[in-house]
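Me: I am new to this structure and would like to go through it by question and answer. Please show it first.

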Amino acid sequence: MNMYGIVSSVKRDYIADLARQGKRVDTRMLDQFREVSVESGPIKSAQGSARVKIGKTQVLAGVKLEHAEPFSDRPDNGVLIVNAELLPLASPTFEPGRPDENAIELARVVDRGIRESEAIDLEKLVIKSGEDVWAVFIDIYALDHDGNLIDASALAAIAALLNVKLPEDEAWTLPEFPLQKKPVAVTVAKINGKLMVDPRLDEESVMDARITMTTIEDGSICAMQKGGIGYFSREELEQAYELARAKAAELRAKLG
Amino acid sequence: MEKPEKLIVDGKRLDGRAPDELRPLKIEVGILERANGSAYVELGANKVLAAVYGPREMHPRHHQQPDTAVLRCRYNMAPFSVEERKRPGPDRRSVEISKVTREALEQVVFLKLYPRSVIDVFIEVLQADAGTRTAGITAAAVALADAGVPMRDIVSSIAVGKVDGTIVLDLTNDEDQWGTTDMPIAMVPRKKLITLLQMDGHFTGEEFKQALDLAFKGCEQIYDAQRQALREKYAIKRGNKK
């Protein structure tokens, strides 16, 4: 059930005590990400793909474009489907089988960032109204879970979309893939009353709560998700927003 | 329904409410015989039931925690609760809502008092008109109190959003569908601590702050109604078996 595994009380106290002093286990600043890298197009069998590393966390995202029937209530919209797999090879706490609540939450948080920012102009993905549209499948593959899968997954998803090569299909008539925004998710963890970005796995395992804020280029918010059993005060949320906005710009710059 | 040209006309919403006005709210306590605690909430056209079973022995046993009780939440929608029949059983949305509901409530419950036990919270949406997760949390918190589960406070929950550029409280389905932004929120009202926050749509930083202000106001009203409902039950029927 717990995707972060077990942590010893000694380490828990150590991390909490460091947080109180504004410090972290790996000597980072509270507002500092681990090293972030984005590799575009590692998978040739996908229309678009990207591998994102944040520290030792690794996520692969692949995009497939396929013909589909539109949803009956949205006959003039293409279809966007985001799926996330927490692979058993990525962590001793991940098990094979249907996506659990953590995988589902991860997929839905990434989905909302892309959908609500209207990053993809879905109206352009209609082939024949009500009958035939393009479906954009984004599959997120967590390869190595060392914390902050949400930010890595959201970044991999948008990087994979930026990498999309046009399908060789006569139904495809657009000059380019209709990607119009770059939403970026930044997760802020709260440990012992202190807010910090990009929690490592051991930090996630002791955090009280997290808040993910997905922002677009102008700094406005398109999606949020609080997680964990702890709480945030109003002031903390405002502080988290400032952090998320500043850090999203840094991550977006990695997309090239 | 086609998208209306305007969702707010002369400062009034389609159902006549002001932007900062809740829909009519009704809360009933202890309406189920077998559950240890229960509550029924109507918020506008939403009809939501919540039941609490426990603390009771955790099954399966290997899910028992030696030092604490486990809180389990299940949010579920009746197939007839929405316009087009919903296929019964959990889907991705309800799995996620169950998770954030549990995380919204867990903060206030003194779980450590009941090692090896489970407290089950079942939320059933009978009729839906946007805001079912928040109505579910509002109902579940009252049901937990009705069950006599020790808590720090009662969790109150409501959604705020943006419709036609205006920050509004408690969106209807039409407003959710045609508006810009939906932000469900839950809090521990006495200490003003936020235990659930989700949002989709579009907010500037300034709008986010305004929305938080409105959410605090809304939750206060919910909180008053929750306490009033509990007071009514336990004041009038004191001494009676529930």
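Me: How many Å² do chain B and chain A bury between them?
Reply: In this predicted model, the size of the interface can be stated as an area, since the size of an interface is often given as the accessible area lost when the parts come together. Carbon and sulfur atoms carry 54% of the area buried between chain B and chain A. The contact involves 35 residues of chain A and 32 residues of chain B. The buried area comes to about 3000 Å².

Me: Which residue of chain A forms a salt bridge with B:R102?
Reply: Between chain B and chain A the count is 5 salt bridges. A salt bridge here requires a side-chain nitrogen of Lys or Arg within 4 Å of a carboxyl oxygen of Asp or Glu. For B:R102 and its partner, the closest N and O atoms are 3.1 Å apart. The partner is A:E101.

Me: Which element gives the most to the lining of the largest cavity?
Reply: The model has 3 cavities of 30 Å³ or more, and the largest holds about 100 Å³ of space. Its lining includes A:N102, A:E105, A:L106, A:L149 and A:I150. The most, 3 residues, comes from α2(A).

Me: How many charged residues are in the lining of the second largest cavity?
Reply: The second largest cavity has a volume of about 60 Å³, and among the residues that line it are A:V109, A:V110, A:P183 and A:T214. The largest share of this lining, 4 residues, comes from α2(A). By class, the lining has 7 nonpolar and 2 polar residues. The number of charged residues is therefore none, as Asp, Glu, Lys and Arg are the residues counted as charged.

Me: Which residue takes a positive phi in the hairpin of β8(B) and β9(B)?
Reply: Strands β8 (residues 156-163) and β9 (residues 166-169) of chain B pair in the antiparallel sense over 4 bridges. One of the pairs joins B:V160 to B:L169 in β9(B). The hairpin has 2 residues between the strands, and the residue with a positive phi, near 50 degrees, is B:D164.

Key: Residues are numbered from 1 along each chain as its sequence is written. Chains are lettered from A and ligands numbered from 1 in the order in which they are written. This is a predicted model: local features need pLDDT of at least 70, side-chain atom pairs count only at pLDDT 80 or more; totals for chains, interfaces and linings use all residues. Side-chain values use heavy atoms; hydrogens and water are left out. On a 1 Å grid over the protein atoms alone, a cavity is a set of points where a 1.4 Å probe fits but cannot get out, and a pocket is an open set with protein on both sides within 12 Å along at least five of seven lines; lining residues have an atom within 4 Å of a point. Grid points are joined across faces, edges and corners, and a volume is the space filled by probe spheres set on the points. Two strands pair if DSSP finds at least two bridges between them. Contact means heavy atoms within 4.5 Å. Buried area is the accessible area (1.4 Å probe) that two parts lose on being put together, summed over both.
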